[in-house]
Amino acid sequence: MATASALQRESRSISELEGLSRQARRLILESVHKSGAGHIGGPLSVTDLLVSLYFAELRLDPNDPVNEHRDRIILSKGHSSIALYTVMALRGYLPVEELATFDQINSRLQGHPDLTALPGLDMSTGSLGQGLSAGIGMALGARLKGDDFHTWVILGDGEIQEGQVWEAAFVAARYKLANLTAIVDANGLPQFGWPDPSGHTRETPFDDPAAKFRAFGWNVIEVDGHDHAALLAAWAEAKAYTDGPTCVIAHTVKGKGVSFMEGNYLWHAQVPTQDDLDKAGLELADPEERS
Amino acid sequence: MSANDVQMREAWGQGLVDLGAQYRNLVVLDGDLANSTRADMFHTAYPDRFFEMGIAEQNMLGVAAGLATTGYIPWISTFAAFLAKRALDQIRLVIAQPGLNVKMAGSYSGLLTSKTGKTHQSVEDIAVFRAMPHVVTIAPADAVELRSAMAAMMEDERPTYIRITRDAGPVVVPDGYEFEIGKAVLLRDGADIGIVSTGVQTSRALAAADLLEIAGVSASVLHVPTIKPIDVDAIVALADRTNGIVSAEDHSIIGGLGGAVAEVLAEHRPTRMRRIGIQDTFGESGPNDALLEKYGLTPNHIVEAVNDLLALTSVTTR
């Protein structure tokens, strides 16, 4: 039985984080290709957020995944599960080879995160809009016990259309939960949504989430969700705020890292072909491997 | 209602207070109804472990799930009507699927909800929870059984729904009775007919058995406080030694106790049945007696069903 002392926060350099992000994106594309199903656009938009949290912020121990003092992380936008599994694999929660079982029968890597399947998942998600409420429960639990773990919840900007998110936003502010941070992966594109007048893309699913969270009494930080240095600063700023919960609006690009997927809502859940993988692989290669 | 009747919701509130002393990890979440459900008694005793969640049931159930992962045992305080429907997807995703230890108390269940009418009556909550994998479903008969069931729930780690009624009723379980999850209890033995009942309807089943005895019919009354997991052996044994089964519940005849008993008997011992309960309809506001009469829940309705079944049985066996 590991003790609290086994928990640790990694502190990778910016260039290491960027390399991990490229590696994670390559693995995400491969896994969805092999599985023949799954989402692409959302996992690629959330990748840097997860890499940053797992490799530079969260206090955890992959060998003791349910340590009661660990920081909690909930991927409320559960359809980006492959990004979570991939980053957890890189962090040592599971063998990277296991990513090949994604979405397969008896796999620990279910289509949407199932906390009973894979130790280290802090909440089951998939039906949207529910993660923030569970995060409130964890933050209240920490306060009641006098434990200093922090709870992080990642939401999609389409997901926050769900009314329950705003029930939760109200209650989190009412209890001034400074040990809770919501992160909105604001990639600006829904699965289908409302057509943009141009006809080629979609209107943003939710206008100005920063203003709405502020109106509900939250401290709000806006950040480029693909800038690792800026993300580290955002996490620090979120935790330094002690008067209530913080929401980090991370402005991201759906399909980030692959030029022909970026900003194209049709890549929400399209399965890449081998040809797509080859092209994407070139764009996501590490600099030293490019020629 | 007699002077000896005990209010189930008062018993629930006191039960929370007493269990709260014993279990320091018991917490209560309220959907702004604590002074109706009587969770306010726990709030008075343990304000630090009472969390007002406001009129937002979906969030409340999610918060409960999060608390459960940190080692607390949350009890939910709201009305059955809202719990079983307004927060159903939350119960499914973050409580039932992960099997988290949340105790969901649905107050004001059934038809008798102080003249609030169909919006607040809950006639399908047992069916809803019984269909949900992993969720234990309990409907105690009276305040004494409720207290015993609450204690048993604290020693069980499964997510559980318990159905509570608003108004006072008679105590029907015997002295020294101890509730056990999944165990039915034979409250009265008789050879002619078996009445299987749950929740507060059991007191009316016993009243029906009294009426039947006067008419020369001996009826068993098997009280089934746990609808899931159901006591198959007790129900089959009752069917074995009687001439038919009448189910009785303050709930829809579809999917609740009647449905569960019919499933058990169809698989294990095909038996003629009648189901007393709400006949696939919603209720309305009105005084308790008028509601019981109009919606077919009185002891006389049970007696009629028994007579109907016995007449049919004697015809077919002749």
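Biologist: How many Å separate the centres of domain 1 of chain B and domain 2 of chain B?

Modeller: Domain bounds come from an automatic or database domain assignment. Taken over C-alpha atoms, the two centres in chain B are separated by 26 Å. The assignment gives domain 1 as 6–169 and domain 2 as 185–317. This is a predicted model, in which local features need pLDDT of at least 70 and side-chain atom pairs count only at pLDDT 80 or more, while totals for chains, interfaces and linings use all residues. Residues are numbered from 1 along each chain as its sequence is written, and chains are lettered from A and ligands numbered from 1 in the order in which they are written.

Biologist: How many residues of domain 1 of chain B are in contact with domain 2 of chain B?

Modeller: Two residues are in contact if their C-beta atoms, placed from the backbone, lie within 7 Å. In chain B, 26 residues of domain 1 are in contact with 29 residues of domain 2.

Biologist: Which elements give two or more residues to the domain 1 side?

Modeller: Helices (H or I, at least four residues) and strands (E, at least two) are DSSP runs, numbered from the N terminus. On the side of domain 1 of chain B that touches domain 2, these elements are helix 7 (125–130), strand 6 (136–138) and helix 8 (143–154) of chain B.

Biologist: What percentage of chain B counts as buried?

Modeller: A residue is buried if 20 or more other C-beta atoms, placed from the backbone, lie within 10 Å of its own. Of the 318 residues of chain B, 58% count as buried. In helix 6 (residues 88–96) of chain B, the buried residues include B:Ile91 and B:Leu93.

Biologist: What covers the buried residues of helix 6 of chain B?

Modeller: The cover includes helix 4 (57–69) of chain B and helix 4 of chain A.

Biologist: How many residues of chain A are in contact with chain B?

Modeller: There are 23 on chain A, in contact with 23 residues of chain B. Helix 4 of chain A gives the most to the chain A side, with 10 residues.

Methods
Buried ≥ 20, exposed ≤ 12 C-beta atoms within 10 Å, placed from the backbone.
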